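Please walk me through this protein model.

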Amino acid sequence: MKLIFILIVLFISFETLSAKPLKKVSLQLSWFDQFQFAGYYIAKEKGYYKNLGLDVEIKPFNFGIHSPNEVDEGRANFGIGRETLILDRAEGKKIVALYALFQSTPLILITTNKNINKVEDFVNKKIMTTDDDSSEVSIKAMISSKKVKLEQLHFLKHTHNINDLINKKTDIISAYISKSPFDLNERGIQYKIFDPKDYGFDMYSDFLFTSENMINNDLDTVLAFKKASLKGWEYAYSHIEETVNLISKKYNSQHITKKALIFEGEELKKLSYQDTKNLGEIKENKVQRIYDLYNVMGLIPKKTDTNKFVYYTNDNKKIFLTKEENAYLKENNKFKMCVIPNIKPYSYFEKNEFKGFIADYFKIIKEKTGIEFEIIKEDKFKNSVDLFKNKKCDIFASLEKTKDRQKYANFTKSYVNIPFVLITKQNFPFVDSLSTLKNKKIGINANYNISKRVKEKYSDIEFIGVENLDEGIKKVLNNKIDGHVDLLYTTLYRLYDNNSKLKISNKLDIDSNLSVAIRKEDKILFSIISRAVNDIDEAKIDSLIKSWVTIEYKKSTDFTYIWITLFLAGLIFLALMYRHKVISGMNKSLNDKVKEKTEELLKINSELEKRVNEEVEKNLKKDHLLQRQSKLASMGEMLENIAHQWRQPLSVITMGASGIKLKKELELLDDAFLTGTLDSILKSSSYLSQTIDDFKYFFKPSKDKDKFLLESCFEKSLNVLSLKLNSENIKIIKNIEKVEIEGYESELVHVFINILNNAKDAFCEAKVNKRFIFVDISKTKTKIIIKIKDNAGGINPSIIDNIFDPYFTTKHKSQGTGIGLYMSHQIISKHMDGQIEVSNSKYKYENEKFEGALFTITFYGE
């Protein structure tokens, strides 16, 4: 046990020491510290930037700093810009918008003059604005729409002092709707607001932008910064008071009160989610409308392509291409691509058609680049690699990067990680590590690059080379080898065919990371493909993989023979009854014939009963297969959850061990530090052990009914999913009585996990800000009631009655197998003699209205 502990510490220490250094980047603010930049403060303080490899400097604003100049001239990597940013692009600055935080500008005109009630009253009045404010098209368009000429107004330089408005030094000031109204409210002063969006001019504002140079040369950093920033804003808007406390403590150069900051946060949140659920959304037609307004008003110095002003990352959007890249693709737009020919569901051929996850992945690459791919088919993986190496292909769709291959190819970042597992017969014990299989014979595909690493790491194992997975499985079943190592999801496909004989006994700690490989000499093609790969996010990749690991059980019972037999038997019976009636009273010979026919009918009914029993048995087997399939479909996600759950305690162990070692080397180690650090390591180790127990419990079959507490059962389900629920900002609100029940606890855990997973997926689609799952467990004299509800918007009424049907899913095929809720229904109704129902529920929580799906589980009895 000590040896295992030491190995874990050494392994994590090595990973920590070999971690890449953070990349330094800077963000130039467009104004002084306030809630307007809260998302960036949060992303820095919560470690969102750091987690994506970035060390971010937030550069403060000073008068005279113009953020587009700072970014264009290379003094900052990113900047915050107003709606006037498009003017800077039109003036020749090579800047590109990444997202628009505010869907409508917060800039307004405000007055305390009771004689000013409409825009027409602005004539001959004094208006205090900044140069930027007065040039924003939303303000100009609002004024011009009422046929008031700008020459009729007296513009004053902004002092940024609200007292100048109160003391009548100006009639009108430009201000942010999130600030000046609060100041006037606090003083009890009446005012009137002129908001451009009320006049039809809802322009974007607070763009996050970067330079063309960053996009062309460091797109990974650009996308990482954008992702972490949006995550920061989502958190800031969901935790306004906590964010205000942070700003007040660390980012409050203006000494704004907490009350004012909260007001600002609430107002800006409204603008960010105005008419959209997607934070940072930019629509092409709206950008074009802003450009057209500036153009109509004579403010655009030269024609500008608005598509190049915004870097769109939607799946249906093409990537940004340089002038050189566009010229390159104009000359040659079709490239030969080698592929792996035979690893279903990743990459394979069926009737000469290239299929699988990688085939779908390159359909997206085609959409983003406009490149045509000519697929080169080979029967063996090795032959495909040789073709690529000998320049018969321009691209290899999925290849692991090695030192040898880097001599003739450039590799994009890895876009898919493929786990490897050990397949054995059912009677083979589960193993913690392949290192325990000393002197065992294990099969492995000799063509896989990973085979070299596996053989080097586990040198005490006798590895037997096989040509493919089918050969490996055949040798396992024939007892020629003890097990076989292969791809996880490819293995799951084969396990389905041999479900009663084989199982997965271990997940290896060695994975295969696949990238797109491009011939070394073609640097422009490599740049284009790399950018397309970077533009496809992890969520899209996960959905593509899920769509190909869905195992569909399509066999169905054929009742045709039964119905024909029943129909014929019924006809015979009716005929005999009718004949018996009309020949009643005839002689004994006729009665004997009737008796003979009756005996034939009894024989038919006997055979019919036998056939019905056979069909029932088939249905029971089908249910058993569905239950096993539901477990298999969850296994990949469970393995991922284990890895996530282990990361934090392993980091604690690493830091503690490294600290002890360092202090020992410096002769600074004292007993108190040693004891405290070892206690921390032991607690983390205990947590790791408990985590494994929780996950093992999920796959432990229940043979006998046992008594257990429902609260404990639910907590086991929650432990499996806690990390993913936390990462999606989903809060679990429990109201659970101490209730004991007799049944199959591990199966009820499975039901809870299915319901929680469905709620999590619904939140991802609904994109709501506040995410709650309410769990109520109570007991009456006659029944136990479990209610689980969310606030994700509910289920479409047209399909709600079908969600417990097998293979029916409310999601895209990429996100659901359609068996999870079906198996949950089977477990509750057949195995635990209960009832499960679903409905849509509207309710209030903390004085706010919500709507979502409500699952009700009822158990009857004492």
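**A five-strand sheet**

An open sheet of five strands runs in the order E24-E26-E27-E29-E28, with mixed pairing. Strand E24 (730-736) and strand E28 (834-845) form the edges; each has a single partner strand, so one side of each lacks a neighbour in the sheet. Direction ignored, neighbouring strands here are turned by 20° against each other on average. Strands are DSSP runs of E with at least two residues, helices are runs of H or I with at least four, and both are numbered from the N terminus. Two strands pair if DSSP finds at least two bridges between them.

This is a predicted model: local features need pLDDT of at least 70, side-chain atom pairs count only at pLDDT 80 or more, and totals for chains, interfaces and linings use all residues. Residues are numbered from 1 along each chain as its sequence is written, and side-chain values use heavy atoms, with hydrogens and water left out.

Now follow the pairs. E24 and E26 run parallel and are joined by seven bridges. Ile 732 has Ile 773 in E26 as its bridge partner. Strand E26 (residues 771-779) and strand E27 (residues 783-790) run antiparallel, joined by seven bridges. They form a hairpin with three residues between them. Val 775 stands opposite Ile 788 in E27. Ile 777 stands opposite Ile 786 in E27. In a regular strand the side chains alternate between the two faces of the sheet.

Next, a helix pair. Two packed helices are described by the angle between their axes and the distance between the axes. The axes of helix H2 (residues 38-45) and helix H11 (residues 219-238) come within 7 Å and cross at roughly 105°. That makes H2 roughly perpendicular to H11 (65 to 115 degrees). H2 brings Ala 38, Gly 39, Tyr 40, Ile 42 and Ala 43 to the contact, and H11 brings Ala 228, Ser 229, Gly 232, Trp 233, Tyr 235 and Ala 236. Contact means heavy atoms within 4.5 Å. By class, the contact has eight nonpolar, three polar and no charged residues. Ala, Val, Leu, Ile, Met, Phe, Trp, Tyr, Cys and Pro count as nonpolar, Asp, Glu, Lys and Arg as charged, and the others, Gly among them, as polar. Axes are lines fitted to C-alpha atoms, for helices over the stretch in contact, and angles run from 0 to 180 degrees between N-to-C directions.

On a 1 Å grid over the protein atoms alone, a cavity is a set of points where a 1.4 Å probe fits but cannot get out; a pocket is an open set with protein on both sides within 12 Å along at least five of seven lines; lining residues have an atom within 4 Å of a point. The count comes to three cavities of 30 Å³ or more. The largest cavity holds about 170 Å³. It is lined by 16 residues, with Ile 340, Phe 381, Tyr 448, Ser 512 and Leu 514 nearest its centre. E16 gives the largest share of that lining, three residues. By class, the lining has ten nonpolar, four polar and two charged residues.

The second largest pocket has a volume of about 1100 Å³. Volume is the space filled by probe spheres set on the grid points, which are joined across faces, edges and corners. Of its 41 lining residues, Trp 31, Phe 63, Arg 82, Thr 130 and His 160 are closest to the centre.

Notes
Parallel < 35°, antiparallel > 145°, perpendicular 65-115°, else oblique.
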